[in-house]
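Here is a brisk tour of one structure.

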Amino acid sequence: MKFSKFGQKFTQPTGISQLMDDLGDALKSDQPVNMLGGGNPARIDAVNELFLQTYRELGNDNDTGEANSTSIISMANYSNPQGDAAFIEALVGFFNRHYDWNLTADNIALTNGSQNAFFFLFNLFGGAFVDEKNASSDKSILLPLTPEYIGYSDVHIEGQHFTAVLPHIEEVTHEGEEGFFKYRVDFEALESLPALTEGRIGAICCSRPTNPTGNVLTDEEMSRLAKIARRYEVPLIIDNAYGMPFPNIIYSDVTLNWDDNTILCFSLSKIGLPGVRTGVIVAAPEVIAAVSAMNAVVNLSPTRFGASIATPLVENDAIKDLSDNEIKPFYQQQAQTAVALLKNELGDYPLMIHKPEGAIFFWLWFKDLPITTLELYERLKEKGTLIVPSQYFFPGVDVSDYQHAHECIRMSIAADEDTLAKGIAVIGEVVRKLYDEA
Ligand code: PLP
(Lines give C-alpha, C1' and ligand atoms only; values in the text may rest on other atoms or scores of the structure.)
Protein backbone atom coordinates (compact mmCIF):
# COMPACT_ATOMS: atom_id res chain seq x y z
CA MET A 1 0.00 0.00 0.00
CA LYS A 2 1.21 3.51 -0.75
CA PHE A 3 0.87 6.19 1.91
CA SER A 4 0.84 9.94 1.30
CA LYS A 5 3.66 12.15 2.62
CA PHE A 6 1.43 12.84 5.62
CA GLY A 7 0.97 9.09 6.10
CA GLN A 8 4.69 8.44 5.76
CA LYS A 9 5.54 11.16 8.26
CA PHE A 10 3.24 9.64 10.89
CA THR A 11 4.12 6.01 10.27
CA GLN A 12 7.90 6.21 10.00
CA PRO A 13 9.54 4.55 12.98
CA THR A 14 11.24 7.02 15.29
CA GLY A 15 13.73 6.14 18.00
CA ILE A 16 11.17 6.95 20.60
CA SER A 17 8.33 4.97 19.02
CA GLN A 18 10.58 1.90 19.12
CA LEU A 19 11.41 2.62 22.71
CA MET A 20 7.74 3.03 23.59
CA ASP A 21 7.03 -0.34 21.96
CA ASP A 22 9.79 -1.75 24.17
CA LEU A 23 8.09 -0.37 27.24
CA GLY A 24 4.73 -1.77 26.14
CA ASP A 25 6.22 -5.20 25.34
CA ALA A 26 7.98 -5.30 28.70
CA LEU A 27 4.69 -4.75 30.46
CA LYS A 28 3.10 -7.64 28.55
CA SER A 29 5.99 -10.07 29.22
CA ASP A 30 5.83 -12.55 32.07
CA GLN A 31 9.33 -11.56 33.29
CA PRO A 32 9.25 -9.16 36.24
CA VAL A 33 10.06 -5.63 35.12
CA ASN A 34 11.09 -2.62 37.14
CA MET A 35 9.07 -0.14 35.12
CA LEU A 36 10.60 3.28 35.62
CA GLY A 37 10.13 4.22 31.99
CA GLY A 38 6.54 5.20 31.31
CA GLY A 39 4.49 8.30 31.97
CA ASN A 40 1.55 6.61 33.67
CA PRO A 41 0.45 8.31 36.87
CA ALA A 42 0.73 6.39 40.14
CA ARG A 43 -2.04 4.29 41.57
CA ILE A 44 -3.24 6.22 44.61
CA ASP A 45 -6.08 4.55 46.48
CA ALA A 46 -7.81 7.70 47.78
CA VAL A 47 -7.82 9.11 44.26
CA ASN A 48 -9.25 5.98 42.67
CA GLU A 49 -11.92 5.73 45.37
CA LEU A 50 -13.17 9.23 44.67
CA PHE A 51 -13.29 8.62 40.92
CA LEU A 52 -15.14 5.33 41.38
CA GLN A 53 -17.62 6.86 43.78
CA THR A 54 -18.27 9.78 41.41
CA TYR A 55 -18.58 7.40 38.47
CA ARG A 56 -21.19 5.33 40.36
CA GLU A 57 -23.13 8.42 41.37
CA LEU A 58 -23.26 9.63 37.78
CA GLY A 59 -24.92 6.38 36.80
CA ASN A 60 -27.59 6.75 39.47
CA ASP A 61 -28.25 10.45 39.73
CA ASN A 62 -31.69 10.56 38.13
CA ASP A 63 -34.89 9.55 39.95
CA THR A 64 -36.46 8.35 36.73
CA GLY A 65 -33.76 5.72 36.22
CA GLU A 66 -30.26 4.97 34.96
CA ALA A 67 -31.25 5.68 31.37
CA ASN A 68 -31.65 9.36 32.30
CA SER A 69 -28.53 9.57 34.44
CA THR A 70 -25.70 12.01 33.78
CA SER A 71 -23.44 9.18 32.68
CA ILE A 72 -25.78 7.91 29.97
CA ILE A 73 -26.59 11.43 28.80
CA SER A 74 -22.90 12.24 28.41
CA MET A 75 -22.13 8.93 26.70
CA ALA A 76 -25.16 8.97 24.41
CA ASN A 77 -24.83 12.50 23.01
CA TYR A 78 -22.17 14.50 21.20
CA SER A 79 -21.21 17.81 22.72
CA ASN A 80 -20.55 20.73 20.42
CA PRO A 81 -16.98 20.86 19.02
CA GLN A 82 -15.81 23.17 21.82
CA GLY A 83 -16.54 20.44 24.37
CA ASP A 84 -18.98 19.49 27.12
CA ALA A 85 -20.79 22.72 28.07
CA ALA A 86 -21.41 21.80 31.73
CA PHE A 87 -17.72 21.04 32.30
CA ILE A 88 -16.67 24.25 30.57
CA GLU A 89 -19.08 26.24 32.79
CA ALA A 90 -17.71 24.48 35.88
CA LEU A 91 -14.13 25.28 34.80
CA VAL A 92 -14.98 28.96 34.20
CA GLY A 93 -16.35 29.17 37.76
CA PHE A 94 -13.40 27.24 39.20
CA PHE A 95 -10.66 29.32 37.54
CA ASN A 96 -12.38 32.63 38.31
CA ARG A 97 -12.91 31.56 41.93
CA HIS A 98 -9.24 30.62 42.42
CA TYR A 99 -7.42 32.95 40.06
CA ASP A 100 -9.62 35.91 39.22
CA TRP A 101 -8.93 35.56 35.51
CA ASN A 102 -12.33 36.84 34.46
CA LEU A 103 -12.88 33.99 32.03
CA THR A 104 -16.06 33.25 30.11
CA ALA A 105 -17.02 30.08 28.27
CA ASP A 106 -15.39 31.62 25.17
CA ASN A 107 -12.01 31.16 26.85
CA ILE A 108 -12.15 27.37 27.21
CA ALA A 109 -12.08 24.41 24.83
CA LEU A 110 -11.69 20.71 25.55
CA THR A 111 -9.54 18.26 23.62
CA ASN A 112 -9.01 14.52 23.65
CA GLY A 113 -6.10 14.69 26.07
CA SER A 114 -3.63 17.53 26.03
CA GLN A 115 -1.48 15.65 23.50
CA ASN A 116 -4.33 16.36 21.10
CA ALA A 117 -4.14 20.04 22.11
CA PHE A 118 -0.43 20.16 21.25
CA PHE A 119 -1.12 18.60 17.87
CA PHE A 120 -3.59 21.42 17.16
CA LEU A 121 -1.60 24.27 18.69
CA PHE A 122 1.80 23.39 17.23
CA ASN A 123 0.27 23.08 13.77
CA LEU A 124 -1.67 26.34 14.24
CA PHE A 125 1.44 28.27 15.22
CA GLY A 126 4.26 26.32 13.54
CA GLY A 127 4.82 25.37 9.89
CA ALA A 128 4.14 27.19 6.61
CA PHE A 129 2.60 30.69 6.84
CA VAL A 130 1.32 33.04 4.13
CA ASP A 131 0.92 36.76 4.92
CA GLU A 132 -1.57 39.32 3.55
CA LYS A 133 0.79 40.03 0.62
CA ASN A 134 0.94 36.32 -0.20
CA ALA A 135 4.55 36.02 0.96
CA SER A 136 5.41 32.60 2.38
CA SER A 137 7.44 31.94 5.46
CA ASP A 138 8.14 29.13 7.84
CA LYS A 139 7.70 29.54 11.57
CA SER A 140 8.71 27.32 14.44
CA ILE A 141 7.73 26.73 18.04
CA LEU A 142 10.35 28.17 20.35
CA LEU A 143 11.23 25.91 23.28
CA PRO A 144 13.04 28.27 25.64
CA LEU A 145 14.50 25.48 27.72
CA THR A 146 15.34 21.99 26.52
CA PRO A 147 15.25 19.14 27.61
CA GLU A 148 11.51 19.20 26.94
CA TYR A 149 8.57 16.82 26.62
CA ILE A 150 9.25 14.03 24.13
CA GLY A 151 5.63 14.08 22.91
CA TYR A 152 6.11 17.44 21.17
CA SER A 153 8.73 16.12 18.74
CA ASP A 154 6.65 14.62 15.96
CA VAL A 155 3.31 16.44 16.05
CA HIS A 156 3.83 18.68 13.02
CA ILE A 157 1.90 17.45 10.00
CA GLU A 158 4.94 18.12 7.84
CA GLY A 159 8.56 18.26 8.99
CA GLN A 160 9.64 19.43 12.44
CA HIS A 161 9.34 23.07 13.38
CA PHE A 162 11.17 23.73 16.63
CA THR A 163 13.80 26.20 17.69
CA ALA A 164 15.26 25.22 21.02
CA VAL A 165 17.55 26.84 23.54
CA LEU A 166 19.94 24.80 25.65
CA PRO A 167 19.93 25.46 29.39
CA HIS A 168 22.34 27.01 31.82
CA ILE A 169 23.24 24.27 34.27
CA GLU A 170 23.55 25.44 37.83
CA GLU A 171 24.74 23.32 40.77
CA VAL A 172 22.27 23.71 43.64
CA THR A 173 21.48 22.13 46.98
CA HIS A 174 18.26 20.31 47.75
CA GLU A 175 16.96 20.23 51.32
CA GLY A 176 20.48 21.09 52.47
CA GLU A 177 22.14 18.32 50.46
CA GLU A 178 24.74 18.56 47.68
CA GLY A 179 24.65 16.60 44.43
CA PHE A 180 21.82 18.44 42.67
CA PHE A 181 21.57 20.77 39.68
CA LYS A 182 18.90 22.98 38.14
CA TYR A 183 18.36 24.10 34.58
CA ARG A 184 17.79 27.80 33.97
CA VAL A 185 16.70 29.57 30.81
CA ASP A 186 19.64 31.08 28.91
CA PHE A 187 17.93 34.39 28.16
CA GLU A 188 20.99 35.86 26.48
CA ALA A 189 20.97 33.06 23.90
CA LEU A 190 17.18 33.18 23.61
CA GLU A 191 16.86 36.91 23.04
CA SER A 192 19.55 36.95 20.39
CA LEU A 193 18.13 34.05 18.39
CA PRO A 194 17.88 35.12 14.73
CA ALA A 195 14.66 33.07 14.37
CA LEU A 196 13.07 35.22 17.09
CA THR A 197 14.37 38.63 16.03
CA GLU A 198 13.62 37.93 12.36
CA GLY A 199 10.00 36.84 12.93
CA ARG A 200 10.37 33.10 12.35
CA ILE A 201 8.85 32.05 15.65
CA GLY A 202 5.10 31.31 15.79
CA ALA A 203 4.73 30.58 19.53
CA ILE A 204 6.81 29.99 22.65
CA CYS A 205 6.10 26.84 24.67
CA CYS A 206 7.29 25.29 27.91
CA SER A 207 6.06 22.56 30.21
CA ARG A 208 5.92 23.65 33.86
CA PRO A 209 6.74 21.43 35.78
CA THR A 210 8.82 20.01 32.97
CA ASN A 211 8.61 16.46 31.77
CA PRO A 212 11.36 15.00 31.78
CA THR A 213 13.35 16.96 34.37
CA GLY A 214 10.96 17.97 37.16
CA ASN A 215 12.22 21.52 36.70
CA VAL A 216 9.81 24.35 37.51
CA LEU A 217 10.53 27.58 35.68
CA THR A 218 10.61 30.40 38.22
CA ASP A 219 8.04 33.21 38.26
CA GLU A 220 10.79 35.55 37.07
CA GLU A 221 11.61 33.29 34.12
CA MET A 222 7.90 33.05 33.27
CA SER A 223 7.39 36.79 33.39
CA ARG A 224 10.42 37.36 31.12
CA LEU A 225 9.06 34.78 28.68
CA ALA A 226 5.63 36.44 28.76
CA LYS A 227 7.24 39.82 27.95
CA ILE A 228 9.26 38.36 25.07
CA ALA A 229 6.11 36.68 23.71
CA ARG A 230 4.24 40.01 23.80
CA ARG A 231 7.13 41.91 22.26
CA TYR A 232 7.22 39.54 19.28
CA GLU A 233 3.41 39.19 19.14
CA VAL A 234 3.38 35.42 19.57
CA PRO A 235 1.47 33.43 22.19
CA LEU A 236 3.11 31.84 25.21
CA ILE A 237 1.88 28.25 25.56
CA ILE A 238 2.24 26.80 29.05
CA ASP A 239 1.89 23.04 29.35
CA ASN A 240 0.47 22.60 32.79
CA ALA A 241 -0.02 18.80 32.66
CA TYR A 242 1.61 18.46 36.12
CA GLY A 243 1.02 21.99 37.36
CA MET A 244 -1.39 24.07 39.38
CA PRO A 245 -4.17 23.79 40.41
CA PHE A 246 -4.56 20.14 39.39
CA PRO A 247 -2.71 17.78 39.75
CA ASN A 248 -0.49 20.34 41.52
CA ILE A 249 2.60 18.13 41.55
CA ILE A 250 4.75 21.14 42.18
CA TYR A 251 6.87 21.79 45.28
CA SER A 252 8.46 25.15 44.64
CA ASP A 253 6.69 28.31 45.64
CA VAL A 254 5.45 29.74 42.35
CA THR A 255 2.31 31.30 40.90
CA LEU A 256 0.25 30.61 37.80
CA ASN A 257 -0.78 33.54 35.61
CA TRP A 258 -2.95 33.88 32.58
CA ASP A 259 -3.61 36.73 30.19
CA ASP A 260 -5.00 36.90 26.67
CA ASN A 261 -1.57 36.24 25.13
CA THR A 262 -1.14 33.06 27.19
CA ILE A 263 -2.45 29.64 26.22
CA LEU A 264 -2.72 27.38 29.24
CA CYS A 265 -3.05 23.63 28.68
CA PHE A 266 -4.38 21.40 31.46
CA SER A 267 -5.04 17.68 31.56
CA LEU A 268 -7.01 15.21 33.64
CA SER A 269 -4.36 12.54 33.01
CA LYS A 270 -1.96 13.13 35.87
CA ILE A 271 -4.68 13.43 38.50
CA GLY A 272 -5.12 9.76 37.68
CA LEU A 273 -7.45 9.70 34.67
CA PRO A 274 -5.21 9.20 31.61
CA GLY A 275 -7.72 6.79 30.07
CA VAL A 276 -10.51 9.37 29.77
CA ARG A 277 -8.34 11.46 27.39
CA THR A 278 -9.41 14.92 28.49
CA GLY A 279 -7.43 18.10 27.96
CA VAL A 280 -8.46 21.68 28.72
CA ILE A 281 -7.23 24.79 26.88
CA VAL A 282 -7.64 28.26 28.42
CA ALA A 283 -6.93 30.97 25.86
CA ALA A 284 -8.22 34.03 24.03
CA PRO A 285 -11.54 33.45 22.19
CA GLU A 286 -9.76 33.52 18.80
CA VAL A 287 -7.63 30.51 19.80
CA ILE A 288 -10.64 28.70 21.32
CA ALA A 289 -12.61 29.20 18.10
CA ALA A 290 -9.69 27.77 16.08
CA VAL A 291 -9.33 24.74 18.36
CA SER A 292 -13.11 24.14 18.24
CA ALA A 293 -13.00 24.23 14.43
CA MET A 294 -10.14 21.70 14.44
CA ASN A 295 -12.03 19.55 16.94
CA ALA A 296 -15.00 19.53 14.57
CA VAL A 297 -12.88 18.18 11.71
CA VAL A 298 -10.69 15.76 13.64
CA ASN A 299 -13.03 14.57 16.42
CA LEU A 300 -16.53 15.95 15.69
CA SER A 301 -16.65 16.58 19.40
CA PRO A 302 -14.21 15.80 22.20
CA THR A 303 -14.93 12.91 24.54
CA ARG A 304 -17.39 13.69 27.36
CA PHE A 305 -16.76 10.93 29.79
CA GLY A 306 -13.88 12.58 31.67
CA ALA A 307 -15.78 15.84 31.56
CA SER A 308 -18.78 14.31 33.27
CA ILE A 309 -16.67 12.74 36.05
CA ALA A 310 -14.66 15.92 36.58
CA THR A 311 -17.59 18.38 36.53
CA PRO A 312 -18.81 17.78 40.11
CA LEU A 313 -15.22 17.62 41.37
CA VAL A 314 -14.47 20.98 39.79
CA GLU A 315 -17.74 22.50 41.01
CA ASN A 316 -17.10 21.60 44.64
CA ASP A 317 -13.28 21.99 44.54
CA ALA A 318 -12.75 18.29 45.35
CA ILE A 319 -10.27 18.18 42.45
CA LYS A 320 -8.18 20.82 44.22
CA ASP A 321 -8.42 19.14 47.64
CA LEU A 322 -7.45 15.82 46.08
CA SER A 323 -4.48 17.41 44.35
CA ASP A 324 -3.30 19.34 47.43
CA ASN A 325 -3.92 16.63 50.04
CA GLU A 326 -3.35 13.33 48.23
CA ILE A 327 -1.59 13.63 44.88
CA LYS A 328 1.05 16.23 45.70
CA PRO A 329 2.06 14.69 49.07
CA PHE A 330 2.21 11.25 47.45
CA TYR A 331 4.73 12.33 44.83
CA GLN A 332 6.64 14.46 47.32
CA GLN A 333 7.09 11.35 49.46
CA GLN A 334 8.11 9.31 46.41
CA ALA A 335 10.68 11.99 45.55
CA GLN A 336 12.17 11.84 49.05
CA THR A 337 12.35 8.05 48.88
CA ALA A 338 13.99 8.15 45.45
CA VAL A 339 16.61 10.68 46.58
CA ALA A 340 17.49 8.54 49.59
CA LEU A 341 17.72 5.35 47.48
CA LEU A 342 19.83 7.03 44.81
CA LYS A 343 22.19 8.61 47.34
CA ASN A 344 22.55 5.24 48.98
CA GLU A 345 23.42 3.51 45.70
CA LEU A 346 25.48 6.20 44.03
CA GLY A 347 26.35 8.79 46.68
CA ASP A 348 30.10 8.32 46.09
CA TYR A 349 29.83 8.46 42.30
CA PRO A 350 29.45 11.41 39.92
CA LEU A 351 25.64 11.28 39.94
CA MET A 352 23.82 14.62 39.84
CA ILE A 353 20.05 14.73 40.31
CA HIS A 354 17.98 17.53 38.81
CA LYS A 355 16.44 19.32 41.78
CA PRO A 356 13.04 17.63 42.26
CA GLU A 357 10.58 20.51 41.96
CA GLY A 358 7.57 18.68 40.54
CA ALA A 359 6.11 16.26 37.96
CA ILE A 360 6.46 12.49 38.26
CA PHE A 361 10.02 12.00 37.03
CA PHE A 362 13.61 12.22 38.16
CA TRP A 363 16.29 13.37 35.75
CA LEU A 364 19.65 11.87 36.55
CA TRP A 365 22.93 13.14 35.14
CA PHE A 366 25.87 10.71 35.05
CA LYS A 367 28.76 13.05 34.37
CA ASP A 368 31.42 11.60 32.00
CA LEU A 369 29.72 8.21 31.93
CA PRO A 370 31.94 5.98 29.74
CA ILE A 371 28.95 4.97 27.55
CA THR A 372 25.94 6.88 26.23
CA THR A 373 22.71 6.59 28.14
CA LEU A 374 21.16 4.90 25.07
CA GLU A 375 23.67 2.09 25.71
CA LEU A 376 22.97 2.31 29.42
CA TYR A 377 19.26 1.90 28.62
CA GLU A 378 20.08 -1.40 26.84
CA ARG A 379 22.16 -2.68 29.76
CA LEU A 380 19.45 -1.80 32.27
CA LYS A 381 16.82 -3.42 30.06
CA GLU A 382 18.82 -6.67 30.07
CA LYS A 383 18.53 -6.58 33.83
CA GLY A 384 14.79 -5.95 33.76
CA THR A 385 14.83 -2.22 34.53
CA LEU A 386 13.35 0.31 32.15
CA ILE A 387 14.17 4.03 32.02
CA VAL A 388 14.27 6.50 29.10
CA PRO A 389 17.64 7.78 27.80
CA SER A 390 18.02 11.54 27.50
CA GLN A 391 18.79 12.02 23.84
CA TYR A 392 15.11 11.98 22.82
CA PHE A 393 14.19 14.93 25.02
CA PHE A 394 15.78 17.61 22.87
CA PRO A 395 13.24 18.47 20.14
CA GLY A 396 14.82 20.99 17.76
CA VAL A 397 18.40 20.30 18.85
CA ASP A 398 21.05 18.35 16.96
CA VAL A 399 22.41 16.42 19.92
CA SER A 400 25.26 14.71 18.07
CA ASP A 401 27.83 17.14 19.52
CA TYR A 402 26.13 17.80 22.84
CA GLN A 403 27.55 15.37 25.36
CA HIS A 404 25.14 16.31 28.15
CA ALA A 405 22.25 15.00 26.02
CA HIS A 406 23.84 11.54 26.16
CA GLU A 407 24.60 11.53 29.89
CA CYS A 408 21.15 11.74 31.47
CA ILE A 409 18.18 9.45 31.99
CA ARG A 410 14.53 10.02 32.86
CA MET A 411 13.22 7.79 35.60
CA SER A 412 9.59 7.71 36.70
CA ILE A 413 8.92 7.93 40.43
CA ALA A 414 5.28 6.84 40.05
CA ALA A 415 6.04 3.16 40.63
CA ASP A 416 5.34 1.47 43.97
CA GLU A 417 8.14 1.60 46.54
CA ASP A 418 9.30 -1.96 45.95
CA THR A 419 9.71 -1.41 42.18
CA LEU A 420 11.41 1.92 42.81
CA ALA A 421 13.88 0.31 45.22
CA LYS A 422 14.61 -2.65 42.93
CA GLY A 423 14.95 -0.45 39.85
CA ILE A 424 17.30 2.00 41.57
CA ALA A 425 19.37 -0.91 42.92
CA VAL A 426 19.87 -2.14 39.33
CA ILE A 427 20.75 1.37 38.13
CA GLY A 428 23.24 1.61 41.02
CA GLU A 429 24.87 -1.74 40.26
CA VAL A 430 25.25 -1.10 36.52
CA VAL A 431 26.42 2.51 36.81
CA ARG A 432 28.92 1.77 39.61
CA LYS A 433 30.49 -0.96 37.48
CA LEU A 434 30.76 1.39 34.51
CA TYR A 435 32.57 4.07 36.49
CA ASP A 436 34.72 1.52 38.37
CA GLU A 437 35.93 -0.07 35.14
CA ALA A 438 36.58 3.22 33.33
N1 PLP B 1 2.40 17.36 28.37
C2 PLP B 1 3.28 16.72 29.15
C3 PLP B 1 4.40 17.51 29.75
C4 PLP B 1 3.14 15.35 29.40
O5 PLP B 1 4.03 14.73 30.18
C6 PLP B 1 2.07 14.65 28.81
C7 PLP B 1 1.92 13.19 29.02
O8 PLP B 1 2.74 12.51 29.54
C9 PLP B 1 1.18 15.36 28.00
C10 PLP B 1 1.38 16.71 27.81
C11 PLP B 1 0.03 14.70 27.34
O12 PLP B 1 -0.84 14.17 28.25
P13 PLP B 1 -2.37 13.83 27.95
O14 PLP B 1 -2.54 13.78 26.46
O15 PLP B 1 -2.58 12.51 28.59
O16 PLP B 1 -3.16 14.94 28.54
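A polar contact is a pair of N or O atoms within 3.5 Å; within protein, one must be able to donate a hydrogen and the other to accept it, and residues adjacent in sequence count only if both atoms are side-chain atoms. The model is predicted: local features need pLDDT of at least 70, side-chain atom pairs count only at pLDDT 80 or more, and totals for chains, interfaces and linings use all residues. Residues are numbered from 1 along each chain as its sequence is written, and side-chain values use heavy atoms, with hydrogens and water left out.

**The ligand site**

| Side chain | Distance to a ligand oxygen atom |
|---|---|
| S269 | 2.6 Å |
| R277 | 2.8 Å |
| N211 | 2.8 Å |

The protein buries 92% of the 400 Å² that the ligand exposes when taken alone (accessible areas by the Shrake-Rupley method, 1.4 Å probe). The shell around the ligand holds 14 residues (a heavy atom within 4 Å). D239, Y242, S267, S269 and R277 are the closest. By class, the shell has four nonpolar, seven polar and three charged residues. Here Ala, Val, Leu, Ile, Met, Phe, Trp, Tyr, Cys and Pro count as nonpolar, Asp, Glu, Lys and Arg as charged, and the others, Gly among them, as polar. Helix α6 (residues 114–125) gives the largest share of the shell, three residues. Helices (H or I, at least four residues) and strands (E, at least two) are DSSP runs, numbered from the N terminus.

**The second largest pocket**

A pocket is an open set of points on a 1 Å grid over the protein atoms alone, where a 1.4 Å probe fits, with protein on both sides within 12 Å along at least five of seven lines; lining residues have an atom within 4 Å of a point. The second largest pocket is lined by 22 residues. Nearest its centre are F125, G202, E233, V234 and P235. Elements giving two or more residues to this lining are α6, β8 (201–207), β10 (262–267) and α10 (285–299). The most come from α10, with three residues. The lining has 13 nonpolar, four polar and five charged residues.

**The sheet**

Six strands form an open sheet with mixed pairing, in the order β6-β7-β12-β13-β16-β15. Its edge strands are β6 (168–174) and β15 (388–389). Two strands pair if DSSP finds at least two bridges between them. Strands β12 (residues 351–354) and β13 (residues 361–366) run antiparallel, joined by three bridges. M352 has W365 in β13 as its bridge partner.
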